[in-house]
Structure formats: structure tokens, C-alpha cells
Amino acid sequence: MPFSSVSEAIVVCTRNRSAELQRTLESIEACCPSADRLLAVVDASDAEERTRTRSLVERFAPCPSVHWPYTGAPSSARQRNAALDRLPRSVEVVHFIDDDVTVHPGYFEALANVLRAEPAVGGVGGCIREPERTSSSPHRMRLRRLFGLAHPEPGRVLRSGVATAAQSPSPDAASSVRETEWLSSCASSYRRALLDRHRFDSALTGYAMLEDLDLSYRIHQDARLVVVPTARLTHRRSARNRFDAERYGHALTVHRRWFVEKHFGDARARRAYWWSQVGRLLALLASSNPNRTAALRGLLRGLRTVLRRDHPLLRL
């Protein structure tokens, strides 16, 4: 296989987002050329978009690059696994990023340096800048904590299936690494040896919601996970190929149940899950968001799906 001497790989999964991917590749080109780092793009696009994506990858010069078409049913989890199966054995560090991010200078170097310097660390994440979001009031945050929808500490995985943000930058972010229980696949890097034992769950198809939470929480049982505040990227959050409010609400309800059953599975966790759904329901009923009605339909439909176990993830 070519590129047999590279020690790092950047894995990007994409589907029909060549314009977004181009901006991502431009950000990599601007900040971190390296002959020791392979760019692997796993592409589940339709034929016309696939041609555009292949052309982008073939023209990419800052580091060795490869375009791998994926012809199975689109699934970011399965696409990432397909990349892991094809990476050269020389790769020791695998960087996962999304196809709609802007990488800031020094991002990959900062993450790889921690993995090389800290043998007990198995996975590292950068800080993710997101579009501005409205912050919750103290009263609302107390209610969210009451229902198991929030926690005062970042990077916590709750028995309700909720995880608190692990990688959001803050103005007072220190330069030292911070422990976390999970990492977002939008901005995470792992030792290859751990990824030989832990793979993304192939039962997750399409927009494989919670794939990153599931993988990283499993790895957290074997090794430390940390966030590196000096490694930053911006998640532009492309609107293409994303769920509307109803589909998102339904999927979140089902996938959280799947996660709770897979990782906890006891009566306490089941109670925490249902209590958190009560909190979601009350929050939506009190919301003034224009998508409230659609989100509420999605939640209620999701609860019916869970009760009937009418979803492949709940039949495993």
C-alpha cells in the first residue's frame, strides 16, 4: 500500500458536501503541511458529488492524500470503520474531523504531542468553536440538572444518556489538559492500538447519532481521555444532510435509550432515562422556539418507538 511510512492519519467522512469539504481542506492546507500525515477521505456521495470530491482530494498537496469511495449504505460510523481497515499499519495516531470544520493552526500537532508524551492518555480532543448559542439562565440550568439533562462539570456522561459538553472553549480556558469522559468525533484523536480494539458501532446508520459518545465512552474505560485547550477548530455546522427538528427529536429519544441500555442497563439508569424525558417534554412545552411543535412531535414519536421497541437499535 502507498503511504506505508506515515505515522498519523486524518480521517474525514463525507456525503454530498464537496463545497463544505473544500473549505475544510483549505484550512488544513493553510496551517499544517506534513509528509508524515495521511489525509483519508471516505466518500459516500452520489456519483456527481463523488467526482467533485475525488478531484478535491487528488489536488490536495500539503500532505499525502487518498479518496476512498464508500458504496455501502451511508453511515458515518461504518465509513470511519472502513477507513480504519484500510489505513497503513504504520499509522499510530488517527485524527477524526468532520467535513464542515475549519482547523486552526497547530491543531493536529497539539493533539499528537499529548498522545506521544502521555502514555496513559488514549484519546485527546480539541476545543470546538460553534455558532453562537443562547446560554441558559441559572433557573433553567437548575431545572435541567434536576431532570438529568445537565451537570455542573463538563465532559460528564450521565446515566440518563445525556453527556455534558466536553470541548467547548471558554474565555478562561487554561493551557493545561483537562480530563473528560467522552470526546466528539468532530474533533478527536486516538491511539491506533485502541482503535484496533474499539470500533464505531456498525449498527448505527446514516447520521449515526451518538456514535462518538459510544466509542469514546468505551475507550474511556481503558484509557484516559483529555481535552487540549490549545488545539482549536471551528465547527461550521453545515445545514446539508441534517435532520429537521422532528426527525432529530425522534432520533435523540431512541438513540439515548440505546446508549443507556448498552452502557448501563440497570434499573437506576432506566429511571434516569425516563425522568430526563419528562424534563425534555416540560422544556418543550414551555419553549418559545419556532421549531417547538416539530420537536415535540419528534419526542412523542420517539417515546412511542421506545415503548414498542420498534427500532433496530432496540432489538439488538
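**Notes on the predicted model**

1. Of the 316 residues in the protein chain, 53% are buried. Please keep in mind throughout that this is a predicted model. The accessible surface of the chain comes to about 14,600 Å², and carbon and sulfur atoms account for 51% of that area.

2. The secondary structure of the chain consists of 10 helices and nine strands. The radius of gyration is 19 Å, close to the 20 Å that the globule rule gives for 316 residues, so the chain is as compact as a globular protein of that length. Along the principal axes, the C-alpha atoms fill a box of roughly 55 × 45 × 35 Å. Among contacts between residues at least 6 apart in sequence, 80% join residues at least 24 apart.

3. Next, the interior. In soluble globular proteins, nonpolar side chains tend to be buried together. Here the largest nonpolar core has 55 residues, and the members that touch the most others are L87, V94, F96, Y190, L195 and F259. Helix 8 (residues 245–263) supplies the largest share of this core, six residues. A second, separate core has 32 residues, including L21, V41, V93 and I97.

4. Apart from neighbours within four places in sequence, L195 is in contact with L84, V94, F96, Y190, L215 and I219.

5. Helix 3 deserves a look of its own. Its buried residues are S76, A77, Q79, R80, N81, A83 and L84. The elements covering them include strand 1 (8–14), strand 2 (37–43), strand 3 (65–69) and strand 4 (93–97), together with helix 6 (192–197) and helix 7 (211–220).

6. Leaving aside neighbours within four places in sequence, the contacts of R80 are C13, F96, I97, D98, S185, F200 and E211.

7. Helix 9 gives the most, with four residues. L282 belongs to helix 9, and it is partly exposed, with a relative accessible area of 45%.

8. R142 also lies in helix 5. Its relative accessible area is 52%, so R142 counts as exposed, the cut-off being over 50%. Between R142 and P152, 10 residues apart in sequence, the C-alpha to C-alpha distance is 9.4 Å.

9. Most residues other than glycine have a negative phi. L210, however, has a positive phi, near 75°. L210 sits in the loop between helix 6 and helix 7 and is buried, with a relative accessible area of 15%.

10. The other angle belongs to R309, with a positive phi near 55°. R309 is in the segment after helix 10 (292–308). In contrast to buried L210, R309 is partly exposed, with a relative accessible area of 33%.

Terms used. Residues are numbered from 1 along each chain as its sequence is written. This is a predicted model: local features need pLDDT of at least 70, side-chain atom pairs count only at pLDDT 80 or more; totals for chains, interfaces and linings use all residues. Side-chain values use heavy atoms; hydrogens and water are left out. Helices (H or I, at least four residues) and strands (E, at least two) are DSSP runs, numbered from the N terminus. Buried means under 20% relative accessible area, exposed over 50%, partly exposed in between (1.4 Å probe, protein chains only). Contact means heavy atoms within 4.5 Å. A nonpolar core is a set of buried Ala, Val, Leu, Ile, Met, Phe, Trp, Tyr and Cys residues joined through side-chain atoms within 4.5 Å. The radius of gyration is taken over C-alpha atoms; the globule rule is 2.2 Å times the number of residues to the power 0.38. Accessible areas come from the Shrake-Rupley method with a 1.4 Å probe; for residues, only the protein chains shown count as cover.
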